[in-house]
Amino acid sequence: MPINQPKVSQLCEALREFLEQEVTPAVDDSGLKYKLKIAMNVLGIISRESELGDQFQRLERAELGEYLGADGGNDELNQNLLKHIQSADLSASEDKLLAALEQITVAKMAIDNPRYASYLKHL
């Protein structure tokens, strides 16, 4: 049995369920109910980030590294790409670049909000 139980995603889900099932029905203020919805969405993002974040980081690093022919961390590779685009060393409409950015964006949408219509279209 793993010693790191419960996982972050399980803790977030338990808190989200508590807010949804116990707190929200007891709140009459519509402004506070809206803030509760935002809090529950944030818990979803934290949960997905804990489950998919490392995978996303590896994908982004691999895609950008391969496209740029460079090594480095994600921030360094993103800065490198930005400099190339700003200096017009490469075309932002190049098919290979667009394919890499599409894969990165779809992986990020899986974390941010897997209910995005654009994300669902890629499944």
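The questions below ask how some terms apply to this predicted model.

Q: What makes up the chain, in helices and strands?
A: The chain has 5 helices and 0 strands. From the N terminus on, the elements run α-α-α-α-α.

Q: Why is Val42 called partly exposed?
A: Buried means under 20% relative accessible area and exposed means over 50%. Val42 has 41%, which lies in between, so Val42 is partly exposed.

Q: Why is the contact between Glu51 and Lys7 called a salt bridge?
A: The cut-off is 4 Å between a side-chain nitrogen of Lys or Arg and a carboxyl oxygen of Asp or Glu. In this pair the closest N and O atoms are 3.3 Å apart, so the pair is a salt bridge.

Q: What makes this pair a link between distant parts of the chain?
A: Glu51 lies in helix α2, while Lys7 lies in the segment before α1 (8–23), 44 residues apart. Both count as partly exposed, because the relative accessible area is 39% for Glu51 and 37% for Lys7, values between 20% and 50%.

Q: How do you know that Glu13, Arg16 and Glu20 are linked in a network of salt bridges?
A: Arg16 forms a salt bridge with Glu13, with the closest N and O atoms 2.8 Å apart. Arg16 also meets Glu20 in a salt bridge, at 3.3 Å from N to O. Each distance is within 4 Å, and the three residues are linked in a network. The whole structure has 4 salt bridges.

Q: What is the spacing of these residues along helix α1?
A: Arg16 and Glu13 are separated by about one helical turn, because they are 3 residues apart in helix α1. Glu20 and Arg16 lie 4 residues apart in that helix, about one turn.

Q: Why is Glu13 called partly exposed?
A: Its relative accessibility is 31%, which is between 20% and 50%, so Glu13 is partly exposed. Glu20, at 39%, also counts as partly exposed.

Q: What makes up the largest nonpolar core?
A: This core has 10 residues, among them Phe56, Tyr67, Leu81, Leu97 and Ile111. Helices α2, α3 (74–86) and α4 (95–112) each supply at least two of its residues, and α2 gives the largest share, 4 residues. Apart from this core lies another, of 6 residues, including Cys12, Val27, Leu36 and Leu43. In soluble globular proteins, nonpolar side chains tend to be buried together.

Q: Which residues does Leu97 touch, beyond those up to four places away in sequence?
A: Leu97 touches Tyr67, Leu81, Ile85, Leu90, Ser91 and Ala92.

Q: What share of the chain is buried?
A: Buried residues make up 25% of the 123 residues. The chain exposes about 8600 Å², and carbon and sulfur atoms supply 54% of that area.

Terms used:
Residues are numbered from 1 along each chain as its sequence is written. This is a predicted model: local features need pLDDT of at least 70, side-chain atom pairs count only at pLDDT 80 or more; totals for chains, interfaces and linings use all residues. Side-chain values use heavy atoms; hydrogens and water are left out. Buried means under 20% relative accessible area, exposed over 50%, partly exposed in between (1.4 Å probe, protein chains only). Accessible areas come from the Shrake-Rupley method with a 1.4 Å probe; for residues, only the protein chains shown count as cover. A nonpolar core is a set of buried Ala, Val, Leu, Ile, Met, Phe, Trp, Tyr and Cys residues joined through side-chain atoms within 4.5 Å. Contact means heavy atoms within 4.5 Å.
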